[in-house]
Amino acid sequence: MTNKPFERIHLIVLDSVGIGEAPDAEAFGDTGSDTLGHIAETLGGLSMPNMAKLGLSNIKPIKGVPAAETPAAYYGKLQEASVGKDTMTGHWEIMGLNIDTPFKVYPEGFPDSLIQALEEKTGRKVIGNKPASGTEILDELGQEHMETGAIIVYTSADPVLQIAAHEEVVPLEELYKICEIARELTLDPEYLVGRIIARPFLGEPGAFKRTSNRHDYALKPFERTAMNELKDIGKDVIAIGKIDDIFNGEGVTKTVRTKDNMDGMDKLVEVAGENFNGLSFLNLVDFDALYGHRRDPKGYGEALEAFDARLPEVLEKLTVDDLVIITADHGNDPTFPGTDHTREYVPLLAFSPRFNGGEQLELGKTFADIGATVAENFSAPMPKFGTSFLSKLN
């Protein structure tokens, strides 16, 4: 890179916004998946003028999103090297790891041995214990939970164990303690569950609503990440949204909680207006949680357009010493069968006001190229995996 290093890098992960099947999609049952492409086709086109200017359709044509004659950002796509397609694997790889042992998923529910141990240690019975939508399981079992006090345990296509409880039946403090117990139990390699998620809710049968008091209990990354290295050399690492949960606080200097995508954008605008030196790292989870898993292409498309409409607020806060990187952690094609994530390439857009237009970047063979780029920019020790593209950004 011919210019001086950036003082601040803002990394935005559009959770599950894949951009077409990866070369190994067949091995994951995901041949033909294309999150962005299929949403655009289903809706007759997407209106994302700001992402268009950066070069989104220069990566791969997206219906309704014109390719830019002179993209404002450097653009390309990245291929996942790790053996999973879940949130933790994707984010950990972005920060420089290569996960070669996949977390376990439980399409038939969790083993009886785990459920029995959870009941014994918490003193509450378990109902559910199956893959389910977080809202549908409340409609099905919420009333029984309120009548009996039994906790609702369910999973998804992710390596997660979710525990739902009404806040007026199981107080938040108790629910969090139950999740801590579940976390301890699932540290056993026999189970290898990536995250335990507390899913509190309120309301009455037929009108239950999950609250914003969700809390994730993740494993620590198996090795040090670029975030650890930044923190150790005195740089700021600001985790916005569920980033702190995904990394279990490792390498984080400041945590900013968010309620949803729009709150996430509000918080990013605030952070972009602050004086710091290092990385801000935002995850926008609604794309995945509210629309991908629920197979709702219309809602997903509207959420993409809403994000695009907020993007200028972030870009206006930037100086020539700022770099924004926009990417994703996996796919979740809402037109695809089932409720699982999809094995896809993820988009890569890198923008700074100092750029005089962007160019196409080479295909990245690992998400860790981002972590390597961040580390090189701040002169931090380089991760074991990934190739920095910092020198390409002029």
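These legends describe close-up views of one predicted model. Local features need pLDDT of at least 70, side-chain atom pairs count only at pLDDT 80 or more, and totals for chains, interfaces and linings use all residues. Residues are numbered from 1 along each chain as its sequence is written, and side-chain values use heavy atoms, with hydrogens and water left out.

**View 1. Seven strands form an open sheet.**
The strand order is S2-S13-S12-S1-S11-S9-S10, and the pairing is mixed. Helices (H or I, at least four residues) and strands (E, at least two) are DSSP runs, numbered from the N terminus. Two strands pair if DSSP finds at least two bridges between them. Strand S2 (74-78) and strand S10 (254-256) are the edge strands, each pairing on one side only. On average, neighbouring strands of this sheet are turned by 15° against each other, direction ignored. Strands of a sheet pair through backbone hydrogen bonds, either parallel or antiparallel.

**View 2. Strands S1 and S12 run in the parallel sense.**
Strand S1 covers residues 8-14, and strand S12 covers residues 322-327. Six bridges join the two strands. Ile12 stands opposite Ile326 in S12.

**View 3. Helices H10 and H13 lie against the strands.**
Helix H10 (residues 261-272) packs on the sheet and touches S1, strand S9 (236-240), S10 and strand S11 (278-284). Contact means heavy atoms within 4.5 Å. The direction of H10 makes about 170° with that of S11. Helix H13 (residues 368-377) lies across S1, S2, S12 and strand S13 (346-351). H13 runs at about 165° to S1. Axes are lines fitted to C-alpha atoms, for helices over the stretch in contact, and angles run from 0 to 180 degrees between N-to-C directions.

In an unreviewed UniProt entry, the annotation "binding site" covers Asp15, Asp329 and His330. UniProt positions are given in the numbering used here, feature names are shortened, and annotations may be inferred rather than shown by experiment.

**View 4. Asp329 and His330 sit in the loop between S12 and S13.**
Asp329 counts as buried because its relative accessibility is 0%. His330 is buried too, at 1%. Buried means under 20% relative accessible area, exposed over 50%, and partly exposed in between (1.4 Å probe, protein chains only). Another polar contact of 3.5 Å joins the side chains of His330 and Asp15. A polar contact is a pair of N or O atoms within 3.5 Å; within protein, one must be able to donate a hydrogen and the other to accept it, and residues adjacent in sequence count only if both atoms are side-chain atoms.

**View 5. A salt bridge joins Arg8 and Asp322.**
The N to O distance is 2.6 Å. A salt bridge is a side-chain nitrogen of Lys or Arg within 4 Å of a carboxyl oxygen of Asp or Glu. By this rule the count comes to 24 salt bridges. Arg8 lies in strand S1 and Asp322 in strand S12, so the pair ties together parts that are 314 residues apart in sequence. Arg8 and Asp322 are buried.

**View 6. Arg224 forms salt bridges with Glu229 and Asp232.**
Arg224 meets Glu229 at 3.2 Å, N to O. The closest N and O atoms of Asp232 and Arg224 are 2.6 Å apart. Glu229 is buried at 17% relative accessibility, Arg224 is partly exposed at 45%, and Asp232 is exposed at 53%.
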